[in-house]
Structure formats: structure tokens, C-alpha cells
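Hi,

Here is the structure I promised to pass on.

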Amino acid sequence: MLIIKPDAIPSSEITPESIYLARRQFMRSAFAAGVLGAGTLASPALLADPSYKAAEASSSGPEWLNRQIATASADKQKLSETLTPYGIVTGHNNFYEFGYDKTDPANKSKHFKPHPWKVEIAGEVAKPGIYHLEDLLQGQALEERVYRLRCVEAWSMVIPWIGFPLASLIKRFEPNSKAKYVSFVTLEDQQQFPAQKSALSTIDWPYREGLRMDEAMHPLTILAVGLYGKTLPNQNGAPLRLVVPWKYGFKNIKSIVKIEFTERQPQTSWNQIAPGEYGFFANVNPSVDHPRWSQAKERRLPSGLLSPNIIPSKMFNGYADQVASLYSGMDLKKYY
Amino acid sequence: MPVLWRRIAIFFIGLLPLIYLFFKATNNLLGGDPAKAIVLFLGNWAFYFLLFTLAVTPLKRLAAQGWLMPHRRMLGLFTLFYALLHMLAYFVFILGLDFSSFASELVKRPYILLTIPAMILLLALGVTSTQGMMRRLGKKWMSLHKSIYLIALLAWLHVLLQVRSSYEDALVFGILTAALLGVRIYWRIRKFTGG
């Protein structure tokens, strides 16, 4: 009889105490939320990240949404890049409805009310109508997605979003054969968005964005309702925003109140302001400069003083293997 | 207050923005993108000092505040100081000291290209700002130093050409620059028409 005595346990198998404790903490909170078994958000190591704790501490949001977010599944695509800390993800934003400075969205969004929220579904669909956010989210399996975010201004972040594929929402409304594009509109409300009153703004409110149907249906395209394991802070586009990781950040429209299916390419805000600088597609492309600056490199935030953290930008923001086929045969210098 | 004391006071006041920036940088208070914040802050202060410098003569003639006159040179030198720091910060924090990309940036971006004549002129004014240089250049000194008007126009264009989401900065700098240059045009016209 062969008796195999196990060797000493390899160190790779030993769970560090911090992760073990974080796991216990996670299980406890998952249990408290009544979703034990379903909740498998972010790996325990990630949950020990101080950013997740910061999100936990500053999160609000309605109970039903918190419960659903707690059931989100972990990201299947492992992105090895370091996550941008919570304070920067929520403190350095372009959300011009709140103001022009990067800190305005965090400072001036305290009174914004993302709940209750309604979204109008319109255009070439079988089931148009005005839907409550609860109805849109009903039955949607939420997922954590760790994505790079590349701003057209040449800075970038890595953010763990919580959301669901836009495709799974689109299918529910049964778009017809005329639905070639999807357009999105942000809320227009001068009371809640103080900068919409400004006479000096170049933006013609409300903010608009759009995608081609195949881009909208792509599995990487999500509608986000949370980040760092909690509901979206107001400055990040609560309660519902678009995230298309291979495009420049301005495509990721925030606080969406209308989704319309159209036959013709919709008008989009930045393209309307400066068509020579911001295309409809706005795919991250290091070889096509913005007329006023190079797109070859980016400052990955946090960008420190001693190490500006300048890295080369990647074609389609590093998602080329998944999305390049959408644009095969297209001249990306012309359709920037 | 004697001129010397005022000079010392203005010198230290002029350094306050830099001290403030240094405090914010070392305490991690510049936000998520300190590179951009530093470049913008230094550029703004270069423009403020340019406007202070241009305001000295109108303040003397229109508001009888002649006491600033002996300090105009220092205000001008602070303009040069902050403009140089602004440019240095751009090289270090935006270009990452990659000078090969600077050449292509220069050719392709008019708002960067026009800073070259502005910087050369600012340096020329700085170098010729001493008493000795004033004596040596004689009448030419005055015509050389009138190029500060051109520098102001270039600085404003530098801001205007970068407008993206709001005209606010370009408008505020534009109104102040137009007022300070406009009053001189007005004086010039009145002188010629003998009014």
C-alpha cells in the first residue's frame, strides 16, 4: 500500500491573514445583505483595498440598488493594472453640468438627486416608454468590470465599475430593423446642474452622445450603476451612465434620461462644438492627434510630481483584440 | 513706507503664489492630475503679473497712484519668472522631458508655437531691465519695452486657442488685456488729435 505523505504546504497556498480577514468581513456583510452565495463581487484581495473601504464609507443610494449591487459577480477579464484610488476616481471628473474645474463635480453635486429616476426609451423599438430605474434594472445580472478610462485630454484611470451589458437592456425593448444607432441624453435641469445656466459654456445642453448599433451591442459596452462595489457617486454620473472602454471618456455619457434608437447617426455634443477635434467614433487612437495635443501618450493617474507616470497610449485603449473588427475597412484617420 | 521696504514687501508677495503651490504639491492637495494643475497655475500667475505690470501706468495717470512706478520692473520680472516656470513645468510634467516630441508639438500647435516669440521677447525685456541697460540702450530701450503689448496679445491668444468647454478664462483675460491696451491706444489717439 502506497501512503503518500503530503509535503509541507507551499507558501502559494497559504492565504495571507489580511485577505483571510477581508474575506470573512466580506462574507459577513454579504450575509447581512441576505445575498450569501450570490454575492461574489471582486476578489477578497481587492476588497481589502482601501478604496473599497472608502467607497463603503461614503456610499448612499437606495436599499434596493445596494442589495442588487451586492450580488454583482466578479470581473472575468483580469486587468493587471493598478486601480486608480477612490479619492481620485471621485475627485477628478469632467462633468461640465456641475462646473469646468475637475473638482467642481465632487464639490457641487451634493444636492443632486439620482433617485427616483426615470429613463425614456424612444425611437425605432417595439416597446418605447418611460421606465423607472428599478424596472430597467430588474432581472439584470450586475457584474464588476475593471476598465481603463482614457480621457481625450490625455489622462487616464483604471476603474472597477458595477454594471450590466447595454446589449441585454437593448434586447428587451426589441429594436426594429431601422435601429442603426443609439443616442443618449443627459438630464437637463438648471437647479441640479448649476453650470447649465452659464452663458459662457460652449456646450448646447443637454449633453448628447451616441453609438452605432454594433458598438452598443458589443459585450464590453456597459451601463454602469456603481463603482468600487457601491452605487455611483453623483459626480460620476449617478444613477446610470454609459461606459465604452475603447473610446475617449467623453463618449461615456452620465446621468442618462433618454435612450433613443435612430436610423441616422445622432448629433453628439462635443462633435457639435468642434467637429474637427472630436469625432463621432472617438476611438482611442494614439496615431491620430487631437489638433491641439498629441494622443500618443497619457498620464495615468495618480500622476505624481516625481513620477509624472506618462505611459504610451494603446490602440482602442488596449481593447483592440476585442473591438478592432468593428472597424475593419474603415479609415480611422478620417473617422476619428 | 520707504521704497526699499515696499520693494522687499512686493518681492515676498510675488513669491507667495509659488509658496502656495509648493505647499499644495507637498501636501498632495493638487488633485488627481497635479501635472496639469501646476502648469495651469503657473501660466495663470504669469498672466496676472503681466496684467499687474501693464496696470502700473494707467493707475498712475488715471488714479494718481504713482507709488507703484518704481516697482514696475519687479512686477515685469515676476511675469518672466512665472512664465519660465510655466514652460519648465510643461517640459517636465506634460512632455516628460521628451524633447523630441516638443519639436513636433511646436510645429503642429499654433498655441504653443506663439509662446516662442513671447518667451524670447520676455527674456529680452528681462535682460535689458537693469539701470545700466536702460542707459546703454537710450531711446531704443523704450521701443524695445513696448513689445510687452505684443507679449500680452500673444499670451491672450495662447489662452483663447485652448478654449474647450467654457469661454470664461479667455473672456476675463481678454477684457482685462483689452482695457489695459485700449487705454494706451486712447491716449495715443488723443495725443495725435491734440485733444
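Below are my notes on a sheet, a chain contact and a helix pair.

A word on conventions: this is a predicted model, in which local features need pLDDT of at least 70 and side-chain atom pairs count only at pLDDT 80 or more, while totals for chains, interfaces and linings use all residues. Residues are numbered from 1 along each chain as its sequence is written, and chains are lettered from A and ligands numbered from 1 in the order in which they are written.

Chain A holds an open, mixed sheet of 5 strands in the order β2-β1-β10-β5-β6 (strands are DSSP runs of E, at least two residues, numbered from the N terminus; two strands pair if DSSP finds at least two bridges between them). Because β2 (129–132) and β6 (208–212) of chain A are at the edges with a single partner strand each, one side of each has no neighbour in the sheet. Within chain A, β1 (118–123) runs parallel to β10 (256–262) over 4 bridges, with Ile121(A) opposite Ile259(A).

The contact between the chains takes 23 residues from chain A and 20 from chain B (C-beta atoms, placed from the backbone, within 7 Å). On the chain B side, α4(B) gives the largest share, 3 residues (helices are DSSP runs of H or I, at least four residues).

In chain B, α6 (115–127) packs on α9 (148–160) at about 145°, with axes 9 Å apart (axes are lines fitted to C-alpha atoms over the stretch in contact, and angles run from 0 to 180 degrees between N-to-C directions). Leu121(B) and Leu125(B) are among the α6(B) residues that meet α9(B), where Leu154(B) is one of the partners.

Best wishes

Note on methods
Two residues are in contact if their C-beta atoms, placed from the backbone, lie within 7 Å.
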